[in-house]
Amino acid sequence: QVQLVESGGGLVQAGGSLRLSCAASGRTFSSYVMGWFRQAPGKEREFVAGFAWSGINTVYPDSVKGRFTISRDNAKNTVYLQMNSLKLEDTAVYYCAADVTNIYAPSYWGQGTQVTVSS
């Protein structure tokens with residue numbers, strides 16, 4: 001079992017950077033695959049970044065590849081999303097997610113943090 005709380009969202013200009021944090025509870029934090037999703041108004045939630053089962057290899061969709069980086073600190077039970085070269089279309093609520101095996105169908109979700117990219 002794990003509980004997730006996101007933070008670090010805010011307003012940033014296009015081309016800027018932002019780092020999101022996801023604080024997780026649970027002694028078995030390192031046993032979960034972790035990732036990030038986002039949802040803009042009127043759009044479906046989409047996968048943004050995630051760890052493979054090993055917790056080492058990472059995967060990103062083409063929309064953010066080369067700009068976003070997911071990382072984790074198991075000692076602090078925290079997952080991060082570093083976002084660089086932000087674009088207007090990155091504006092969304094960002095959610096931390098976790099699952100025992102499949103990050104593309106996560107069982108656990110955070111409450112979300114707003115990221116707004118301006119001109």
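## Ground rules

Contact here means heavy atoms within 4.5 Å. The model is predicted, so local features need pLDDT of at least 70 and side-chain atom pairs count only at pLDDT 80 or more, while totals for chains, interfaces and linings use all residues. Residues are numbered from 1 along each chain as its sequence is written, and side-chain values use heavy atoms, with hydrogens and water left out.

## Tyr 94 and the cores

Let's start with Tyr 94. Setting aside neighbours within four places in sequence, Tyr 94 is in contact with Glu 6, Leu 20, Trp 36, Phe 37, Arg 38, Val 48, Phe 68, Leu 81, Met 83, Gly 112, Thr 113 and Val 115. A second, separate core of five residues includes Phe 37, Phe 47, Ala 97 and Ile 103. A nonpolar core is a set of buried Ala, Val, Leu, Ile, Met, Phe, Trp, Tyr and Cys residues joined through side-chain atoms within 4.5 Å.

The largest nonpolar core has 29 residues, and Leu 4, Trp 36, Leu 81, Met 83 and Tyr 94 touch the most other members. Strands (DSSP runs of at least two residues, numbered from the N terminus) that each supply at least two residues of this core include E3 (18-24), E7 (68-73) and E9 (92-99).

## Phe 68

Phe 68 lies in strand E7. Its relative accessible area is 2%, so Phe 68 is buried (under 20%, with exposed over 50% and partly exposed in between; 1.4 Å probe, protein chains only). Beyond four places in sequence, the residues Phe 68 touches include Tyr 60, Leu 86 and Asp 90. Gln 82 is 14 residues away along the chain, yet the two C-alpha atoms are separated by 5.5 Å.

How values were computed: Helices (H or I, at least four residues) and strands (E, at least two) are DSSP runs, numbered from the N terminus.
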